[in-house]
Amino acid sequence: MSQLLPFARRSASAAPDPAAGTSRMSSSEKFISIEGIARRYPAPGGKQNTVFENLWLPMRRGEFVCMIGHSGCGKTTVLNILAGLEAPSEGVVIVDGQAIEGTSLDRAVIFQGHALLPWRTVLGNVAYAVSSRWRKASRAEVEERARKAIATVGLAGSEHKRPSELSGGMKQRVGIARALAIEPKILLMDEPFSALDALTRGTLQDEVRRICIETGQTVFMITHDVDESIYLADRIVLMTNGPEAKVAEIVENPLPKSRDRAELHHAPGYYALRNHLMDFLVSRSKTLRDAMPAGYDQRHPPVVRPGSDEPEPIPIPAAS
Amino acid sequence: MKASLPLRAGIVSLAVLAAFLLLWQLAVGGIAKTEAMDPEYAALMGASATTGKSAMPGPLDVAATAWKHLKDPFYDRGPNDKGLGIQLAYSIGRVALGYGLAVLVAIPIGFLIGMSPLMGRALDPFIQLLKPVSPLAWMPLALYTIKDSSLSAIFVIFICSLWPMLINTAFGVAGTRKEWLNVARTLEVGPIRRAFTVILPAAAPTILTGMRISVGIAWLVIVAAEMLVGGTGIGYFVWNEWNNLSITNVIVSILVIGLVGMILDQLLARAQRLVTFPE
């Protein structure tokens, strides 16, 4: 690298963006709307542990939303509720104008540990999903759709391999193919790449990004990885630490939709965004849990756009 | 250079066999002193009294008798003299019937117990109480209620095959990975299809383990059961030959029982390999 960027520059602050008012979604814009959900578990002594409560979060159609937070903040629970695998203790989730009830083929899940059926081949795993979606489809039609989905994730030629013969990255590709094959309205991903090595993770992020842009997929993804969220997300939801986690703020990604991984760190606003996210994970996720700023409204978490009111970081020549 | 492990193991096996046969031959050979006696009386008493020959047959006698049985396994000269093949066929038939019935009962109930924690808890005391009962203890009850000795033997096989299959099926079904079940749930797979496409394949290796244990127990129990009920079967044959004091035939039967048990076990082992999936 021939240039150094000023790392010292901090993002604007957590204060709501002047443009935040315009970021509040109108109800017609909301494709998914999480409305006041809570999740409680019974605790010994007749008490209850509250993972989170009164959580509100809207999402637009075709939007890529990442949720970031430390372990135990209930990210996976939010995803499971969206998937219908768990029911909220309170509140509802509305998708496309309808409150969800249980699981649905409209909401595909990509699991953290791929969750392939080991006794089926790659084709068998994807075909299982396809034949669940289109119950009356002929065998040939099912196979054709499955093969198409497998080709989309770049696994053509491996259709007859079993999951045990595949590498971790290939298994997760099959998981993605299985989710895409049923043409869901929403894709839910629970740290899909966390078990992969950095190189494979990068390739799969590129694939997912390409596929989601091509198909205009609405995606909700949970991640630990700040860089992953910067690269993939349109908006990043920051959760405070659990228990009783809250949506601290929603960060709008200021980077252009057409992002190039190699050039990403030169893009204006990149460091402001990255520093903002890192600051949050390192300290603010804890301080904000203990005390939310005045005027915080759980129903309308502040929307921020780091670096938007700052000048571009000026590259300084490296000392030679 | 060393020969391959299977070859070396085979050589050792053969050596052990040869040593055993040699010792056997030496142990039963006529080495004791002969008493002087009236030739007529000697003819009456037989070789064991006159030449000191042991009543225990040697390996060559056994081999000759085994060959005789193998040459003509299916003869039938009345209720007390049937070929070894016929006796084995009776035993295998009883095991197949009793075991088959047990499969039909144990696997569905095992599924129920494995899928429903309520039923699992509710049925657990009964299983725990009945499982350790020796299958032969059921025999009098079976004879009294069924009033047919052959059917009673089948019932005893049924009851002894039931428990390992039941417990293993329940265990395998309950152990189906949550993530596979979640896959089925997110794909809106119905309960019947889920049972056949997710739970059954996931539990199949464990179920087959139970079936393999069961077939071993069934084959153990049939010999004892047939000794009790009599009439036909390899167990009855062993007991009948004991009453005939034909130790040779008893030894041949032991070998044949072992052989059939081994084949049954290997069949199930092969089936188990077919349903086992690498992870």
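1. Start with helix α8 of chain A, residues 270–290, in this predicted model. Its 21 residues should span 30 Å at 1.5 Å a residue. The end C-alpha atoms lie 29 Å apart, which agrees. Even so, α8(A) has a bend of about 60 degrees, placed at A:Arg284.

2. Which residues of α8(A) are buried? They are A:Tyr270, A:Tyr271, A:Ala272, A:Leu273, A:Arg274, A:His276, A:Leu277, A:Phe280, A:Ser285 and A:Leu288. Their cover includes three strands of chain A, β4 (64–68), β10 (235–239) and β11 (247–252). Helix α7 (226–232) of chain A is also part of that cover.

3. Now the strands. In chain A, β2 (residues 30–42) pairs with β5 (residues 90–95). The sense is antiparallel, and five bridges hold the pairing. A:Ile32 faces A:Val95 of β5(A) as its opposite residue.

4. β5(A) also pairs with β6 of chain A, residues 98–99. Here there are two bridges, again with the strands antiparallel. A:Ile94 has A:Ala99 in β6(A) as its bridge partner. The two strands make a hairpin, with two residues between them. In the turn, A:Asp96 has a positive phi of about 55 degrees.

5. Next, the contact between chains. On the chain B side there are 15 residues, touching 17 residues of chain A. Helices α9 (178–186) and α10 (191–229) of chain B each give two or more residues to this side. The largest share, six residues, is from α9(B). By class, the chain B side holds eight nonpolar, three polar and four charged residues.

6. Is A:Ser132 buried or exposed? It counts as buried because 21 C-beta neighbours lie inside 10 Å, and the cut-off for buried is 20 or more. A:Gly169 is 37 residues from A:Ser132 in sequence, and their C-alpha atoms are 25 Å apart in space.

7. Last, confidence. Chain A has a mean pLDDT of 84. Of its residues, 88% reach 70 or more. Residues 1–22 of chain A are another matter: pLDDT stays under 50 there. For that stretch, the model has 37 contacts beyond four places in sequence.

Conventions
Residues are numbered from 1 along each chain as its sequence is written. Chains are lettered from A and ligands numbered from 1 in the order in which they are written. This is a predicted model: local features need pLDDT of at least 70, side-chain atom pairs count only at pLDDT 80 or more; totals for chains, interfaces and linings use all residues. Helices (H or I, at least four residues) and strands (E, at least two) are DSSP runs, numbered from the N terminus. The expected span of a helix is 1.5 Å times one less than its number of residues. The bend at a residue is the angle between axes fitted to the seven residues ending there and the seven starting there. A residue is buried if 20 or more other C-beta atoms lie within 10 Å of its own, exposed if 12 or fewer, and partly exposed in between; C-beta atoms are placed from the backbone. Two residues are in contact if their C-beta atoms, placed from the backbone, lie within 7 Å. Two strands pair if DSSP finds at least two bridges between them. Ala, Val, Leu, Ile, Met, Phe, Trp, Tyr, Cys and Pro count as nonpolar, Asp, Glu, Lys and Arg as charged, and the others, Gly among them, as polar. pLDDT is the predictor's confidence in each residue, from 0 to 100.
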